[in-house]
Amino acid sequence: THTDVDTRIRQLTPSVINKIAAGEVIERPASVVKELLENSVDALSSRIEVEIENGGVDCIRIVDDGEGIHPDDFELSVASHATSKIVDADDLFRVQTMGFRGEALASIAEVSQFQLRSRRRGADIGMELNVHGGILKEPHVCGCPEGTRIEVRQLFFNTPVRRKFLKTPATEFGHISEQFTRIALANPNLHLVLRHNDKIVYELPATHRLIERLELFYGSKLTEQLIWVESEHEGAHIRGYVAHPSQSKATRKGQYLFLNGRWIQDRSLQHALSEAYRGLVMVGRHPISFLFLEVDPNQVDVNVHPTKSEVRFQNSQILYRLLLSTLRNQFLSMDLDSRLDLPN
Ligand code: ADP
Ligand code: MG
């Protein structure tokens, strides 16, 4: 039975609003790692170290050597909808940075014990800010190297339901490792380190050759057989590697698609890939690929999902056809065509 009281509308308190917003961006420790890595990339770092304790549940620490944060901007950096990356809505279609929503630090600081230390390039001193479950302490001067260091402890300590949904540290670390891999493949020019419980999981020296980075992840057995593809049509570019059809996987986990430097998930492009390999890999198997797509930023809306992993193209057919034809032409030229079962 409904009483008058529980059907009345109430304005939610800022604390509840912030926790709801945080939940959209920060689902698990890996979301924190993704957001912080993207910030370090946006800050033009050349070296980024990620340290994880206990699957990220106890501690996530990211240290970069990027531009750092202005001493007057520390409190603003953890305010929601506060960003240095866009000014107005039109910028959404010009944005070259990974971030622009100004929500990540606010969300993370809302649901953790958060510490930010940063010193701008060329500045004499650094600053430190601590936030405990959304409650800011006064920022203060601190000695620290140039760049930014963020420590996130006790994630979801104040949202017990979220915390209860976390899986084992091994599973959570698996998700973290996947996020790290996506950033690492998209940015071979960065020196990246990932540690878990004080053990080095990946140490990736900067390189200008994507293939070297791929080899560190997947070994030379895979990379020696990779096929380079590159093409361009109507302002859309594709470049990257696809695996020989003899190397396939039972899942799509070996398929990496990047759009304008950002990892994306796109059903239509996955379908183009499957179509290109049709007749070459067994039914139920999936080809491996590391493909980098570039389109004019004004042709794509990246603001359709809080994590930006799904995008909307103004004309999705251009990329679909380009991907399909690039791969088919490549396979035909390699004389894999005798095994091709092309419908047209
Ligand atoms: P967004 O990345 O969408 O701008 P965030 O909440 O992730 O929003 O970050 C807020 C702001 O804090 C950024 O716009 C940037 O100015 C600053 N910032 C965050 N991380 C770093 C970093 N590692 N180095 C330099 N500045 C940073
Ligand atoms: Mg960001």
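1. In this predicted model, the C-alpha centres of domain 1 and domain 2 lie 30 Å apart, with domain 1 spanning residues 14–204 and domain 2 spanning residues 218–339. The contact between the two draws on 11 residues from domain 1 and 11 residues from domain 2.

2. On the side of domain 1 that touches domain 2, helix H1 (14–25) and helix H6 (169–186) each supply at least two residues, and H6 gives the most, with 3 residues. By class, this side of domain 1 is made up of 7 nonpolar, 1 polar and 3 charged residues.

3. As for the overall fold, the protein has 10 helices and 18 strands, and its C-alpha atoms fill a box of roughly 70 × 60 × 40 Å along the principal axes.

4. Of the 344 residues, 33% count as buried. Among contacts with a separation of 6 or more, 66% are between residues 24 or more positions apart.

5. Ligand 1 has 22 residues around it, of which Asn39, Ala43, Thr83, Gly99 and Ala104 come nearest. The elements that give two or more residues to this shell are helix H2 (29–42) and helix H4 (104–110). Taken by class, the shell around ligand 1 divides into 6 nonpolar, 10 polar and 6 charged residues.

Notes
Residues are numbered from 1 along each chain as its sequence is written. Chains are lettered from A and ligands numbered from 1 in the order in which they are written. This is a predicted model: local features need pLDDT of at least 70, side-chain atom pairs count only at pLDDT 80 or more; totals for chains, interfaces and linings use all residues. Helices (H or I, at least four residues) and strands (E, at least two) are DSSP runs, numbered from the N terminus. A residue is buried if 20 or more other C-beta atoms lie within 10 Å of its own, exposed if 12 or fewer, and partly exposed in between; C-beta atoms are placed from the backbone. Two residues are in contact if their C-beta atoms, placed from the backbone, lie within 7 Å. A residue is near a molecule or strand if its C-beta atom, placed from the backbone, lies within 6 Å of it. Ala, Val, Leu, Ile, Met, Phe, Trp, Tyr, Cys and Pro count as nonpolar, Asp, Glu, Lys and Arg as charged, and the others, Gly among them, as polar. Domain bounds come from an automatic or database domain assignment.
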